[in-house]
Amino acid sequence: MSADSRRRQIIGRALLLVVFLLSLYLVAPGLLALFGDLPKLRDVNPLWFVAVFVFESLAFVSIWELTRIALGTNRWFDVGCSQLAGNALSRALPGGAATGGTTQFQMLTRAGFAPARTTTVLTAVGILSTATLLVLPIFALPPIMLRIVVPQHQLLRGAILAAILGMFVLGGGVVLLVSDRVVRAVGALVDRVLRLVRRRNPPQRSVSEMVLEARDFVREALEENWKRALPAAFGNQVFDFLALLTCAYAVGGHPEPVLVLLAYVAAAALAMIPITPGGLGFVEAGLTGVLALSGLPGDLAVLTTLLYRLFSYWLPLPAGLVASALFARRHRNREHGAAAPLEPTPPTT
């Protein structure tokens, strides 16, 4: 590396650190106020904690299943430990998505997986996970249009939403993977919107072309296993959403499940902002505000956010540390695999 490149790298990291510290300073009061309500969670029935833990665990198992299918392996231990460790790093460091992805890659290659295949699989998994997140609001439209009503039984309403959501996302996901015409139509619609918004500086490439390239990359990476991989990809997002919905019920709220789904997507998008680790502070503030708009009283929105982030953000951090230690113990006699460039992938749960 040349002296100029090294200097630019140092300056870039210094600026990132300054932005991180400034952002942390701005969000610190909100975080302190949020954790000030932690004692109120003692009034929550412990069975709700079990339910939230189960849903979050299923979300993690889903992403392990997706990665395992794409790699064509039955080695759950290596896949699970590498994902937990990479996920923990991506949430512990500012801009940690690249570090987390590289860590997961290095652990998998150390376990004996081919570097080229591992790079392709992790990139495809990242693209597919992000795509499933972004299409969830679209699949929330049918329940809104159907105006599902289950009088005085919000839990049943949530269960019906989850069932309908599952049918639509799987059916829609299959269509997007196999139909070029549908992908081009969706891309063309986005192109029209972008041209209206950016009349003076229109995009150089059409969204249709970029979406088709990404779709083909994912389809080729998954090969004949995409029918099994698609439910796993959506399971990662849907189980995480159900954990958030359960948190709202746990603290005594009665929100509209469809609106909570939209709040979940907004929070997941905020978590991708590489200013603070895992969107720390920004996710809490944004999720609390959007949950309040979904019908939760302000105090219950705060408690819902606090309970959800305890399980989705804080608990996976020590889990990643334990997974890393267990992995190192099993593979302590194996040499590290050679590092290879890896495209940053967004954090997944």
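The second largest pocket of this predicted model holds about 220 Å³ of space. A pocket here is an open set of points on a 1 Å grid over the protein atoms alone, where a 1.4 Å probe fits, with protein on both sides within 12 Å along at least five of seven lines. Its volume is the space filled by probe spheres set on the points, which are joined across faces, edges and corners. The pocket is lined by 14 residues, and those closest to its centre are Ala 85, Leu 89, Thr 103, Met 107 and Ser 324. Lining residues have an atom within 4 Å of a point. Two or more lining residues come from each of helix H3 (76-92), helix H4 (97-110) and helix H14 (316-330). H14 provides the largest share, six residues. By class, the lining comprises eight nonpolar, five polar and one charged residues. Ala, Val, Leu, Ile, Met, Phe, Trp, Tyr, Cys and Pro count as nonpolar, Asp, Glu, Lys and Arg as charged, and the others, Gly among them, as polar.

H14 has 15 residues. From first C-alpha to last it reaches 21 Å, close to the 21 Å expected at 1.5 Å a residue. The expected span is 1.5 Å times one less than the number of residues. Pro 316, Gly 320, Ala 323 and Phe 327 are the buried residues of H14. They cover an arc of only 65° around the axis, and therefore lie on the same side of H14. The arc is that of the directions from the helix axis to the C-beta atoms. Exposed Leu 321 and Arg 329 sit on the face of H14 turned away from its buried side. Buried means under 20% relative accessible area, exposed over 50%, and partly exposed in between (1.4 Å probe, protein chains only).

Overall, the protein contains 14 helices and zero strands. Helices (H or I, at least four residues) and strands (E, at least two) are DSSP runs, numbered from the N terminus. Of its 349 residues, 46% count as buried.

The largest nonpolar core has 35 residues. Such a core is a set of buried Ala, Val, Leu, Ile, Met, Phe, Trp, Tyr and Cys residues joined through side-chain atoms within 4.5 Å. Leu 41, Phe 241, Leu 244, Tyr 264, Leu 287 and Leu 291 have the most contacts inside this core. Helix H5 (115-139), helix H10 (226-250), helix H11 (257-271), H12 and helix H13 (298-314) each supply at least two of its residues. H10 gives the most, with ten residues. Another core, of 25 residues, lies apart from it and includes Ile 69, Ala 111, Val 121 and Leu 128.

Helix H12 (residues 282-293) has twelve residues and should span 16 Å; its end C-alpha atoms are 17 Å apart, which agrees. Its buried residues are Val 283, Glu 284, Leu 287, Thr 288 and Leu 291. These cover an arc of only 125° around the axis, so they fall on the same side of H12. Ala 285 and Leu 293 are exposed on the face turned away from the buried side. Gly 295 follows H12 and has a positive phi, near 115°.

Ala 124 belongs to helix H5. Its relative accessible area is 4%, so Ala 124 is buried. Thr 67 is 57 residues from Ala 124 along the chain, and their C-alpha atoms are separated by 9.2 Å.

Residues are numbered from 1 along each chain as its sequence is written, and side-chain values use heavy atoms, with hydrogens and water left out. Local features need pLDDT of at least 70 and side-chain atom pairs count only at pLDDT 80 or more, whereas totals for chains, interfaces and linings use all residues.
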